[in-house]
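Here are some notes on one helix and its side-chain pairs. Please read them with the model open.

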Amino acid sequence: MDYESGVIEIAEGVYAWINENCATNAGFIVGEEGVVVIDTLMTPSLAGSLMTVVRDVTQKPIRYVINTHFHGDHVYGNQYFLPTPIVGHENCKFDLDTKWDSNFNRYWSREALRPELSRIVKTTPDVTFNDKMSIWLGSREIQLSFLSLIHISEPTRPRLISYAVFCLK
């Protein structure tokens, strides 16, 4: 299956950044007062490329980063967006705190990634929510909502580690 890759504006001011072969993806939303980045990808070079992609679209400040869940290909770039507040569901933060080593070791087993992974510093969300949260970029509201079990973090104790992002005008 062929995927369109690159920066794709999927709605006014709402962008997907799709890497080749749909390998790892992120997004960002541009509002009047800044940008919200959705996921920071897996390596320093990918995080840097994402920052460049955002800057190619707008020079507005990045106001928030949203982590959709705790997997490394979504959060290992967090440190490169500091001091921007990082937002995540409370279970995303919990899972990053408690499952960091096992998740990291899964990626570390890929020798080609080790030079970049060796530069990663665990950086967890500093703003969390349980059910719902809104972020405002001027008149644009971005709603974060618990919808249902999307990922299962433990086979015997299913719980949310991901959530939907809605962009409203």
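Which side chains meet in a salt bridge at 3.9 Å, N to O? They are Asp97 and Lys93.

1. Basis. This is a predicted model: local features need pLDDT of at least 70, side-chain atom pairs count only at pLDDT 80 or more, and totals for chains, interfaces and linings use all residues. Residues are numbered from 1 along each chain as its sequence is written, and side-chain values use heavy atoms, with hydrogens and water left out.

2. A salt bridge here is a side-chain nitrogen of Lys or Arg within 4 Å of a carboxyl oxygen of Asp or Glu. Asp97 and Lys93 both lie in helix H3, 4 residues apart, about one turn of the helix. Helices (H or I, at least four residues) and strands (E, at least two) are DSSP runs, numbered from the N terminus. Asp97 is partly exposed at 38% relative accessibility. Lys93 is partly exposed too, with 27%. The cut-offs: buried means under 20% relative accessible area, exposed over 50%, partly exposed in between (1.4 Å probe, protein chains only).

3. The other bridges. The whole structure holds 3 salt bridges. Lys99 and Asp95 form one of them, at 3.0 Å, N to O. These two residues also sit in H3, 4 residues apart, about one turn of the helix. Both Lys99 and Asp95 are buried. Lys122 and Asp97 form another, at 3.8 Å, N to O. Lys122 lies in the loop between helix H4 (114–117) and strand E7 (127–129), and Asp97 in H3, so this pair ties together parts that are 25 residues apart in sequence. Lys122 is partly exposed at 38% relative accessibility.

4. Aromatic pairs. Rings of Phe, Tyr and Trp (its six-membered ring) pair if their centres lie within 6.5 Å; planes under 30 degrees apart count as stacked, over 60 as edge-to-face and the rest as tilted. The count comes to 6 aromatic pairs. Trp100 and Phe104 are stacked, at 5.9 Å centre to centre and 15° between the planes. Both lie in H3 (residues 90–108), 4 residues apart, about one turn of the helix. Trp100 is buried, at 14% relative accessible area. Phe104 is buried, also at 14%. Phe104 is stacked with Trp108 as well, at 5.8 Å centre to centre and 25° between the planes. These two are 4 residues apart in H3, about one helical turn. Trp108 is partly exposed, at 28% relative accessibility. Ring pairs link Tyr76, Trp100, Phe104, Tyr107 and Trp108 into a cluster.

5. Spacing. An α-helix has 3.6 residues a turn, so residues three or four places apart point the same way.

6. Helix geometry. The expected span of a helix is 1.5 Å times one less than its number of residues. For the 19 residues of H3 that should be 27 Å; the end C-alpha atoms are 25 Å apart, which agrees. H3 has a kink of about 75°, centred on Lys99. The bend at a residue is the angle between axes fitted to the seven residues ending there and the seven starting there.

7. Packing. The buried residues of H3 include Asn91, Cys92, Leu96 and Asn103. The buried residues of H3 pack against strand E5 (62–67), helix H2 (72–75), strand E6 (86–89) and H4. Contact means heavy atoms within 4.5 Å.
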